[in-house]
Amino acid sequence: MNTVPSHRPGHPIDRAVEALRPTVRGVDGIDPARSPGARELATLIMADPRDPDLARRPRRGRALWAMPVALGVAASVVAGTFLVLAPDERQELIRTLTPAGPPVADIVVEDGFVTARLLRADAEPADYRAEFAEYGVDARIVFEPVSPGMVGELVHLDTDAGTESLEEGGGIEVEEPLGECSIEDGCPAVVRIPVGHPTPVVIGFGREARPDEPYSMSQAANAPGEPLEGVELEGVTVGEIRTVLGERGLDVGFYIAPPPEGAEGYGENEMAVLSEGEVGDDRIVVDVILESPGGVYIELES
Amino acid sequence: MPRQHRTRSREEHVARFEELYEATFRDVLGYLLRRTQDPEGAADLVAEVFTAVWSRIDDVPSGEEARPWMFGVARNVLANHRRGDRRRSALAMRLRAELAGVTVSPPSPEHGMGEIGRVFRSLSEQDREVLTLAGWERLDAGRIAVVLGCARGTARVRLHRARSRFAKALRGADIDPGVVPSGAATSTALKGATR
C-alpha cells in the first residue's frame, strides 16, 4: 500500500479528498471591492429593484437589458438568464436556486428508533419524506390548520394498513407540542419511528391557522382551549349566543337548519343554509362550529 | 425555525449585499471554478448566483451560516447550468474577460493522486459532493446541511457514509485510506482563456 505520512488536520478521508482539490490561480487579483469586472457585476445586479411588484412591470427587463449596451458592451451578447424571463418564471427560477430554508428536522437514530425533532410547520410533506428516507423509513409529516384547542395535537397517523391509533401504529411514538405549532414559530413535536418500519407512514399535527384560513379540523367550540370554552351552547337562543360571540370577537358566517317541513329540493339529511338576516333571536341553537380564526357557523333546531 | 423578516430599506439591502459580495465572492467563485474548471463559464455562473442572492437578500442567514448558504445557491446554479445550455450573461461580460487569466489545475497524477482520483470518480455524485464540501470547502456537517438544505443529522449521516464508501473503495484499490499523498494539485494548468 502507499504509505506517505500526512500533516494535514481533520479526518483522514477528508485529507485524501483535500489532496484532490483543484488549485485555482489568478483569482486573488480579482478584488470584489475594486476589480472593474466584479464592481460592474455588483452594480448591474443591484440595479434591479428586487421589489416583486416592480419586477412585474414590463419595463424592468428592458431597462436592465439596455444597461450593458449603455456601458459599451457588444449588443450581440445574450442577456443574463434572469433578465430574459417573464417575472413569474424569474421568481420560480430564483426560488429553485436559493436554499428552501432552515432544516425541517433534527433526526437521530437512538434506541432502535429514528427520532425526529420537527422544526418547521411550513415545510412540505416531501421535504420531511426526503429526510426520513436517509434513515430508511418512508414517512411524511403534514400540518393541518386546526382550531386553537387542537394546536399541536396528533391529528393523523396513517400507514398502509389504514388510519391507526398510536397503540396500533406499529410502534410509532410521538410527543405532541400542545399549543405550540405554527407556520411562524415552528412545531417542536418529536416523532419516533422504529428503525426498518416496513410501510409508508403519514403523521399529521394540528397547527395554528392563518387569518381567514379555514380549519381542516375543529372540535366543540366550548371545549378547553377553544374560543367558547365554558359556554353552554345547547338550547341557548340565537340572541344569547350572538351576544357571547360579539363579546369574544367571533363572526357568524351562516346558519344551518333542517329545511321547513314539506320544502322541496332538499336531499335526505340535507340542511338549509340561512344568512344572518333570515334568523331571528328566538331560534334555538344546537351547536356552534368553529370554521376559521374569528369565524363560526351555527346549527339551529328546526 | 422559519426566519422572521423585518422590512429593510434599499440602503440596508445594498449594504448587506455589498458585505456578502466582498466576503464571499472569491469563495463562491472558487467553488464554481473547482467544479467547472472553466473560468469564463464561472463568470456567468457567479453572476447568476449573486443575482439570485440579491433577489432573496432577506433570506440570507446572518453570521457564519451565510457562507454555506451561498454555496447552496452556487450548487443549485451549477446543477441548473448542467441541465441546460450554456448561458452567457451580459452582466458578467467584463468579469469574464478578467477571469480569462485564471487557471484551474487538477491534482497531479504523480504522488499517487491519479489512482486516488480514479477511485474518487468511481463514487456516486452524491458521495463526491458531500466529500468535496468537507475536503475542498472545509465545511463541517452542520454547514454542509445548510448547503444541501437538509437536517444537520442527515448531513452527518451522508458524510459518514460517503467517507466509509470512499475508504472502502480506496482499500479495494490497495490504497491505505489513513494516509494522504503530499504534493497534490501541481499538474499542468488548465488555461481558461484557451479552452
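The model is predicted.

In chain A, 4 strands build an open sheet. Their order is 2-3-8-7, and the pairing is antiparallel. Strand 2 (105-110) and strand 7 (173-175) of chain A form the edges, each pairing on one side only. From one strand to the next, the twist averages 15 degrees. Within this sheet of chain A, strand 3 (residues 113-118) and strand 8 (residues 190-194) pair over 5 bridges, in the antiparallel sense. A:Val114 has A:Ile193 of strand 8 as its bridge partner.

Chain B contains 8 helices and 2 strands. Read from the N terminus, its elements follow the order α-α-α-α-β-α-α-α-α-β. Of the 195 residues in chain B, 46% are buried. Among contacts in chain B with a separation of 6 or more, 76% come from residues 24 or more positions apart.

Helix 6 (residues 125-135) of chain B illustrates the burial in detail. Its buried residues are B:Asp127, B:Val130, B:Leu131, B:Thr132, B:Leu133, B:Ala134 and B:Gly135. An α-helix has 3.6 residues a turn, so residues three or four places apart point the same way. In helix 6 of chain B, B:Asp127, B:Val130 and B:Leu131 are among the buried residues. The cover over the buried residues of helix 6 of chain B involves both chains. Chain A contributes helix 1 (12-18). Chain B contributes elements including helix 7 (141-148) and helix 8 (152-172).

Notes
Residues are numbered from 1 along each chain as its sequence is written. Chains are lettered from A and ligands numbered from 1 in the order in which they are written. This is a predicted model: local features need pLDDT of at least 70, side-chain atom pairs count only at pLDDT 80 or more; totals for chains, interfaces and linings use all residues. Two strands pair if DSSP finds at least two bridges between them. Axes are lines fitted to C-alpha atoms, for helices over the stretch in contact, and angles run from 0 to 180 degrees between N-to-C directions. A residue is buried if 20 or more other C-beta atoms lie within 10 Å of its own, exposed if 12 or fewer, and partly exposed in between; C-beta atoms are placed from the backbone. Two residues are in contact if their C-beta atoms, placed from the backbone, lie within 7 Å.
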